[in-house]
Amino acid sequence: MKRDPRFDILFEPVKIGPVTSKNRFFQVPHCNGMGYLRPKSLAAMRGIKAEGGWGVVCTEEVYIHSSSECDPLVEGRLWDDDDIPALAKMTEAVHEHGSLAGIELQHGGYCSTNHYSRIPPISPSPISVDSYAPIQARAMDKSDIRNFRKWHRQAALRSKQAGFDIVYVYAAHSGTLLTHFLSRRINRRTDEYGGSLENRVRLFRELIEDTKDAVGDSCAVAVRFCVEEFLGAQGITSENEGKEIVEMLAELPDLWDVNISDWSMDSATSRFESEGYQEPYMAFVKSMTSKPVVGVGRFTSPDTMLSLIQRGVMDMIGAARPSIADPFLPKKIEEGREDEIRECIGCNICVMSDELSVPISCTQNPTMGEEWRRGWHPERIEPRNSDDGVLVVGGGPAGLECALALGQRGYRVILAEASQELGGRVSRESRLPGLAEWGRVRDYRVLMLERMANVSIYRENPLSADEIFEFSAEDQFDYSHVLLANGSSWRRNGLGRIHREPIPGLDKLKVFTPDDIMDGVLAKGRVVVFDDDHFYMGGVLAEKLRREGHDVLLVTPAPDISTWTHKTLEQKKIQKQLMDLGVELATQTNLTAAETGKVELSCIFTERKIERECDSLLLVTERIPNDGLFNSLNGDPERLTNAGIKTLKCIGDSFAPATIAAAVYSGHLAARELQAEPQEEVPFLRERIQI
């Protein structure tokens with residue numbers, strides 16, 4: 001296929017100081033849970049992106065000195081020369097495909113608690129650290145500022161030695177020392193580094209000049225700057241100080257990478273922000289500098305990218321999450337396959353991985369994070385090892401991904417779905433408030449499957465064990481492998497994390513589950529939602545019911561609402577939205593019993609009990625695997641053998657209920673492992689520290 005000539009402009013080279021990007025696609029710095037602990041994994045992941053056509057591929061935050069570390073989070077490190085070889089692995093992988101490698105040098109200032117190094121944090125002024133830790137940062141004196149400039153210069157020189165083409169001066173997000181100097185809230189100094197905006201910008205300017213002096217002969221010097229902090233007059237705004245800072249430094253760096261702060265705003269989920277949401281804040285930058293400008297906004301549409309370039313909003317299309325969901329996004333546009341892009345759904349499962357200090361994962365892209373460990377490639381897969389047919393039962397996220405990967409391997413695949421609609425839980429959940437973009441998980445896979453001549457899809461086919469046994473012998477339905485993706489169902493008895501026995505009295509109330517609400521069953525009157533799941537479901541259902549006019553009380557044993565969504569950067573937004581809607585919230589509270597017309601609640605600390613009126617009780621606790629079909633088939637091994645079924649496997653939520661990302665991964669893994677060669681002697685490949 002040929003590229004649409006409309007998109008030719010996206011593939012024009014862009015000069016960035018002394019280096020040139022082959023196109024306008026710029027993978028901005030993003031965290032990944034690999035960092036200094038897993039350099040092979042990191043290099044393989046970044047190398048795949050370069051192969052996928054990104055003109056520039058950057059690191060995550062790379063900490064430059066032991067006075068700033070973020071353990072137990074796993075980011076990059078460049079404290080001394082011994083850190084150079086690990087980072088050089090990445091530049092080599094990126095350069096192999098003709099892309100530029102960028103490094104984001106970081107010092108976290110007072111946001112670095114330094115639990116590992118035990119060095120007191122530093123800040124422009126004395127201040128408590130940015131967490132609940134009983135630690136305060138000390139104010140930097142002039143010698144500290146000189147040392148910081150020295151550390152940054154040394155890190156820039158080491159970056160050049162490691163092979164990087166672009167070196168960042170980082171003043172974006174709320175957790176960077178330069179941002180702290182820029183902030184009138186944090187910087188209370190009375191010397192030449194505090195007070196007026198010009199003084200607060202002084203260190204920023206000096207670091208850019210230092211970096212250009214150190215490596216500017218062969219490396220581009222980029223600035224990453226937050227133009228809007230959403231703090232009103234107390235912070236940087238795109239209307240005032242953000243614009244003034246850009247004007248002061250306009251021609252000094254070789255490239256401007258601009259965004260908004262804090263991280264929860266910069267990487268907002270699709271539940272709260274749509275594609276291109278940052279443009280209103282950063283659109284002014286391009287008019288103030290002749291240097292290339294990069295911006296982000298979870299761009300997945302080539303038409304949006306084209307518009308941004310043509311309208312002069314930016315020179316290069318920045319992306320973090322879209323490059324995770326589809327590392328080959330540029331290549332697909334270049335080859336005229338833009339309809340095959342795996343579009344980011346904005347769920348922030350990638351962020352959650354980094355928050356947990358584990359290698360990055362992605363709902364849309366199950367190969368993300370497995371490039372080195374499993375040798376998985378997002379666009380290539382090992383061919384089939386036989387002419388056997390495969391039956392996949394269930395068209396939810398696990399079944400769709402499994403059928404797609406098997407089809408790509410060349411197997412003859414039958415996909416049977418009990419309902420008319422494919423997508424399973426993805427389709428149901430994408431109809432909930434704010435989750436529409438999650439439907440992309442279904443849409444991409446259905447599109448690709450419908451193009452495959454070796455895949456047959458049978459909707460409205462709820463297969464029984466007897467039918468599977470019988471059909472396996474028919475020529476029309478010849479298959480030797482059966483993979484079951486029947487999903488899961490929400491419990492109706494209250495079992496979950498806090499209740500290991502059913503909640504008493506549930507027979508006296510009208511009890512609903514998330515399945516009921518998503519099926520359109522109507523709750524009545526005053527609704528009590530009991531959330532012992534703690535991810536997004538309880539909060540989003542409370543929102544839905546409130547928008548439908550119900551009085552809603554949301555009860556959870558957790559310290560706050562949807563507490564696991566701290567890991568996806570949206571907890572505060574969820575709780576604020578529910579409060580704004582008038583949902584009553586009861587945190588650190590257990591649901592202990594139900595009675596006619598009311599529920600009994602208790603404090604999780606004191607066990608003090610209160611009663612609240614309740615007409616409808618919605619239980620969001622845990623799910624039961626729908627493994628009945630598997631158990632029926634697995635319980636008759638002789639009949640399996642006689643039917644010629646060599647493989648019987650349960651995948652996705654029907655094996656172990658978890659996230660949509662876990663279901664997609666489970667389906668992909670099952671497809672990769674079908675008739676695969678036995679594993680090597682190391683069952684779980686991991687990176688080891690060499691002693």
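Trp 438 counts as buried at a relative accessibility of 9%, and Tyr 536, at 7%, counts as buried as well; the word means under 20% relative accessible area, with exposed standing for over 50% and partly exposed for values in between, using a 1.4 Å probe and protein chains only. The model is predicted, with local features needing a pLDDT of at least 70 and side-chain atom pairs counted only at pLDDT 80 or more, while totals for chains, interfaces and linings use all residues. Residues are numbered from 1 along each chain as its sequence is written, and side-chain values use heavy atoms, leaving out hydrogens and water.

Nine aromatic pairs turn up in a search of the whole structure, where rings of Phe, Tyr and Trp (its six-membered ring) pair if their centres lie within 6.5 Å, and planes under 30 degrees apart count as stacked, over 60 as edge-to-face and the rest as tilted.

Trp 438 and Tyr 536 form a pair whose ring centres are 4.8 Å apart and whose planes stand at 85°, so it is edge-to-face. That pair also links distant parts of the chain, 98 residues apart: Trp 438 is in the loop between helix H14 (425-429) and helix H15 (440-450), and Tyr 536 is in the loop between strand E21 (527-531) and helix H18 (537-547).

## Strands and sheets

An open sheet of five strands runs in the order E17-E16-E15-E18-E29 with parallel pairing. Strand E17 (455-458) and strand E29 (647-650) stand at its edges and have a single partner strand each, so one side of each is left without a neighbour in the sheet. From one strand to the next the twist averages 15°. Helix H13 (residues 397-409) packs on this sheet, touching E15, E16, E17 and strand E18 (481-484), and its direction makes about 165° with that of E16. Here contact means heavy atoms within 4.5 Å, and axes are lines fitted to C-alpha atoms, for helices over the stretch in contact, with angles from 0 to 180 degrees between N-to-C directions.

The table gives some strand pairs, where pairing requires at least two bridges found by DSSP.

| Strands | Sense | Bridges |
|---|---|---|
| E15 and E16 | parallel | five bridges |
| E4 and E6 | parallel | six bridges |
| E6 and E10 | parallel | four bridges |
| E8 and E9 | antiparallel | two bridges |

Individual residues show how these pairs are set: Gly 389 stands opposite Arg 412 in E16, Val 57 opposite Ala 101 in E6, and the bridge partner of Leu 105 in E10 is Val 169. Seven of the seven residues of strand E6 (residues 100-106) are buried, so the strand is largely enclosed by the rest of the structure. Leu 100, Gly 102, Glu 104 and Gln 106 point one way from E6, whereas Ala 101, Ile 103 and Leu 105 point the other way.

An open sheet of three strands has the order E7-E9-E8 and mixed pairing. Its edges are strand E7 (122-123) and strand E8 (127-128), each with a single partner strand, so one side of each lacks a neighbour in the sheet. In E9, Ala 137 is the bridge partner of Ile 127.

## A residue in helix H19

Gln 575 belongs to helix H19 (residues 571-581) and is buried, with a relative accessible area of 19%. Leaving aside its neighbours within four places in sequence, Gln 575 is in contact with Asp 560, Ile 561 and Leu 585.
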